[in-house]
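Please look over the sequence and the model, then read the points grouped by topic.

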Amino acid sequence: MIRRYCIGLFFVAAAFVPTLLVQRFFPYPFLFLFFAAVMATAWFGGIGPGLFAVIISTIAVDYFFVPPLYSFAMNATDSAYFAAFVICAVVASWVSSSKRKAEEALRVARDQLEIRVAERTSELQKSLMELSETEHKRVLLESEKSVLSDRLEARKLIERAKGILQRELEISEEDAYRTMQRESQERRKSMKEISESIILNDDLKHSSQ
């Protein structure tokens, strides 16, 4: 807080020196730099230091620049000029401070928006990863289901083929299965293909009869 008021004092001093140097060239005091000092103080320090700069500027202008010089007394003609300066300085301080607050609020809102966007983006990426993982699991389950279905179908064919061999050759279930295994190895075909061949031959045999 002290630093902000010191900034205001510095800006007023920076406005006072050049104004004092050029006052002889103007019929009325050249007070533009004081307005700039007030606005700069309000911008960097806020409304409090801005009003402090207005007070210091008012004292400096009244004493050094408004006739009679080096006195706080003033005539009626210069009173309106001095009052206009004070009003304009207060308005300049308020406008500058309000604009700074508005920009600060806008910056905070923008930062919060960026944070929310980043959080939302992270949530979406997490959801996409979970969705991708779920889809991968679904594909695996479909693949496992297909494999199990094929195995079940092959098992049914093998059982049916064993029954045909048992009936036709009058052998046991174990011997029928060994016969199919031997046939599979010799012909280099799967048990399913051997079973399908046995079933097909049996169907053709019954059809011909």
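Glu170 lies in the loop between H4 and helix H5 (173–187); helices (H or I, at least four residues) are DSSP runs, numbered from the N terminus. The model is predicted, so local features need pLDDT of at least 70 and side-chain atom pairs count only at pLDDT 80 or more, while totals for chains, interfaces and linings use all residues. Residues are numbered from 1 along each chain as its sequence is written, and side-chain values use heavy atoms, leaving out hydrogens and water.

Positive phi in loops
- Most residues other than glycine have a negative phi.
- Glu170 has a positive phi, near 55°.
- Arg188 sits in the loop between H5 and helix H6 (191–208), and is exposed at 79% relative accessibility.

Helix pair
- The axes (lines fitted to C-alpha atoms over the stretch in contact, with angles from 0 to 180 degrees between N-to-C directions) of helix H1 (residues 2–22) and helix H2 (residues 32–45) come within 9 Å and cross at roughly 165°.
- That makes H1 roughly antiparallel to H2, a term for angles over 145 degrees.

Residue in H4
- Val90 is found in helix H4.

Note on methods. Helix = DSSP H or I, 4+ residues; strand = E, 2+ residues; numbered from the N terminus. Parallel < 35°, antiparallel > 145°, perpendicular 65-115°, else oblique. Buried < 20%, exposed > 50% of the residue type's maximum accessible area, 1.4 Å probe, protein only.
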